[in-house]
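Colleague: I would like to go through the labels used for this protein and ask what stands behind them.

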Amino acid sequence: MSGLLKTLLNQSIARALTVVSQEAASEAKTEREFVVYGKFEDPEDAAKVAQLGETVYHEQWDIRVEKDEVRKYFGQVRVRKTFTDKEQTYTLCIKRLSEESDEKHEVELEVDQDIFEVVKALSTNGMIKARTKIAVEGEDDLFWEVDVFYPNGFDKAPGQWVKLDLEVPSFDREIPELPIKLTEVLDTQPKDRSEEQRQFVSKL
């Protein structure tokens, strides 16, 4: 990426994150979610997750923003292609991360394939995954989102590590029982992770 293009991109991201901050009360969504990582006990269990709920497939790319003298906030700009056997859609999500908690303020909107491809071309961080939505036992309004990663493509074997997200109204509660059996579970939330844990998660 040329120096000029990188500067223009950074300025655009900074302005977008400022908009998210200013309009958080009215248009942006405040996201509160528990994030858990774990490893399948049996590698073959990865293929069984899709049988537990509704599954869609994602290809996503993001540009991460560090706070500095130009950018007032930590944040992320992400594009995602979501597809099933019947359709595919594209979304752009801009997130501003809170410095005090694990809350995220975000704005999401539908975009076209051209915008997806532009951000993908500028990004160095992407992934493809299958996401299965599984209801929390005994709580009809809460759902786990279980991400099985395919680091070498959907036509290859999935990875052994899995990510689970659970969006909640408040962090003032315990993390429910996980919907699948995992080993080496990391349920320490982002703000409380050690540097070693952060480095580990960044490499998954």
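The talk below takes the labels one at a time.

Modeller: This is a predicted model, in which local features need pLDDT of at least 70, side-chain atom pairs count only at pLDDT 80 or more, and totals for chains, interfaces and linings use all residues. Residues are numbered from 1 along each chain as its sequence is written, and side-chain values use heavy atoms, with hydrogens and water left out.

Colleague: How many helices and strands does the protein have?

Modeller: The protein has 3 helices and 10 strands. Both are DSSP runs numbered from the N terminus: helices are H or I with at least four residues, strands are E with at least two. K163 is found in one of them, strand β9 (residues 161–167).

Colleague: Why is K163 called buried?

Modeller: Buried means under 20% relative accessible area, exposed over 50%, and partly exposed in between (1.4 Å probe, protein chains only). K163 has 16%, which is under 20%, so K163 is buried.

Colleague: What makes the link between K163 and D165 a polar contact?

Modeller: A polar contact is a pair of N or O atoms within 3.5 Å; within protein, one must be able to donate a hydrogen and the other to accept it, and residues adjacent in sequence count only if both atoms are side-chain atoms. The side chains of K163 and D165 make such a contact at 2.8 Å, so the distance is within 3.5 Å.

Colleague: Why is the aromatic pair of Y90 and F116 called tilted?

Modeller: The structure holds 7 aromatic pairs. Rings of Phe, Tyr and Trp (its six-membered ring) pair if their centres lie within 6.5 Å; planes under 30 degrees apart count as stacked, over 60 as edge-to-face and the rest as tilted. Y90 and F116 have 5.3 Å centre to centre and 55 degrees between the planes, so they pair and count as tilted. Y90 lies in strand β5 (residues 88–97) and F116 in helix α2 (residues 113–122), 26 residues apart. Both Y90 and F116 are buried.

Colleague: What kind of pair do W161 and F200 form?

Modeller: W161 and F200 are 5.1 Å apart centre to centre with 75 degrees between the planes, so the pair is edge-to-face. W161 is in strand β9 and F200 in helix α3 (residues 195–203), 39 residues apart.

Colleague: Are W161 and F200 buried or partly exposed?

Modeller: W161 is buried because its relative accessible area is 18%. F200 has 34%, so F200 is partly exposed.
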